[in-house]
Amino acid sequence: MKKYIVLGLIALFAAHHSQAQSNCSSYYPLVDGANFQYTNYDKKGKEDGQITYKVTDVQSGGSSTNATMMMEMTDKKGRTYTSDYEVTCEGDVIKIDFKSLMNEQMLSQMGDVEMDISGTDVELPNNLSVGQELPDANMEVKMKMSGGINMNTNIETLNRKVEKQENVTTPAGTFDCYVIYSETKTKMMMTNQTFPSRIWLAEGVGMIKQESYNKNGKLMGSMVLTQYSK
């Protein structure tokens, strides 16, 4: 479960599923009660769990919007992890409060573990165009486990670029999307790997699909929007 939760945090950072109001971000309209369900698939196309987000407690003032995101991750064995975290949108920049991920509920599911999360926010401007380059970002997860074992994970999102615009159909509907390519560089224990990924973003909804590849460009896993309401 510990490994699954860390991988879930990586997915959260890479996909950046936070939602924000239309007067703050065109691609993530934040509406109190909005619900988004994503299904994960492995490289063979078999279902590998789900992640559900619900937007709650939306508060706006001036050019800033604050909200709470309720997240529930379920792996393929049916094990569930839930957490709340805080999201802020200022101008056209969306920020996740990584510290808020370390709530009491999450720590209890992690067992005897101390965790510290820090990072540089993912930025997504309102006006996307094909060929546009986007800023890099990073996240660091430090874990102190029983027995004096420490595990540090560093995730960098590099070479972000808007590749193209295309229609995508999922169980949730058909969407006009911008496709954003990036490379995720992960350092965990003695492992240092860089994997490409693509995210399909639709205005007014957010992430519709995400695909991750190995270093040879072969599909390793995907995440698809299967249900949403707002």
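The model is predicted, so local features need pLDDT of at least 70 and side-chain atom pairs count only at pLDDT 80 or more, whereas totals for chains, interfaces and linings use all residues. Residues are numbered from 1 along each chain as its sequence is written, and side-chain values use heavy atoms, with hydrogens and water left out.

**Overall architecture**

- The secondary structure of the protein chain consists of 2 helices and 13 strands; helices (H or I, at least four residues) and strands (E, at least two) are DSSP runs, numbered from the N terminus.
- Of the 230 residues in the protein chain, 48% are buried, where buried means under 20% relative accessible area, exposed over 50%, and partly exposed in between (1.4 Å probe, protein chains only).
- The accessible surface of the protein chain comes to about 11,000 Å², and 44% of this surface belongs to carbon and sulfur atoms; accessible areas come from the Shrake-Rupley method with a 1.4 Å probe, and for residues only the protein chains shown count as cover.
- Among contacts in the protein chain between residues at least 6 apart in sequence, 49% join residues at least 24 apart, a contact being heavy atoms within 4.5 Å.

**Salt bridges**

- A search of the whole structure finds 5 salt bridges, each defined as a side-chain nitrogen of Lys or Arg within 4 Å of a carboxyl oxygen of Asp or Glu.
- Side chains of opposite charge can pair when their charged atoms come close.
- Arg-198 forms a salt bridge with Glu-163, with the closest N and O atoms 2.6 Å apart. This pair links distant parts of the chain, Arg-198 lying in strand S11 (residues 191-202) and Glu-163 in strand S9 (residues 149-170), 35 residues apart.
- Arg-198 counts as partly exposed at 22% relative accessibility, and Glu-163 counts as partly exposed at 29%.
- Asp-75 forms a salt bridge with Arg-79, in which the closest N and O atoms are 2.6 Å apart. Asp-75 is buried, with a relative accessible area of 6%, whereas Arg-79 is partly exposed at 36% relative accessibility.
- Glu-211 and Lys-209 meet through their side chains in a salt bridge (3.7 Å, N to O), and both Glu-211 and Lys-209 are buried.

**Negative surface patch and Asp-57**

- Asp-32, Asp-57, Asp-84 and Glu-86 form a negative surface patch.
- Patches are made of residues with over 30% relative accessible area and no salt bridge; like charges are joined within 9 Å, and nonpolar side chains (Val, Leu, Ile, Met, Phe, Trp, Tyr) within 5 Å.
- For charge, Lys and Arg count as positive and Asp and Glu as negative, while His and the chain ends are not counted. The place of a charge is taken as NZ of Lys, CZ of Arg, CG of Asp or CD of Glu.
- Asp-57 lies in strand S2 (residues 47-61) and counts as partly exposed, at 44% relative accessibility.

**Positive phi angles**

- Most residues other than glycine have a negative phi, and most peptide bonds are trans.
- Asp-57, although not a glycine, has a positive phi of about 50 degrees.
- Asn-159 also has a positive phi of about 50 degrees although it is not a glycine. Asn-159 is found in strand S9 and counts as partly exposed, at 46% relative accessibility.

- Ser-64 is found in strand S3 (residues 64-74) and is buried, with a relative accessible area of 18%.
- Leaving aside neighbours within four places in sequence, Ser-64 is in contact with Gln-59, Thr-88, Cys-89 and Glu-90.
- Thr-68 is likewise found in strand S3 and counts as buried, at 11% relative accessibility.
- With neighbours within four places in sequence left aside, Thr-68 is in contact with Lys-54, Val-55, Thr-56, Asp-57, Asp-84, Tyr-85 and Glu-86. Among these contacts, Asp-57, Asp-84 and Glu-86 are members of the negative surface patch.
- Val-87 lies in strand S4 (residues 80-90) and is buried, with a relative accessible area of 2%.
- Val-87 and Met-69 are 18 residues apart in sequence and 7.1 Å apart in space, C-alpha to C-alpha.
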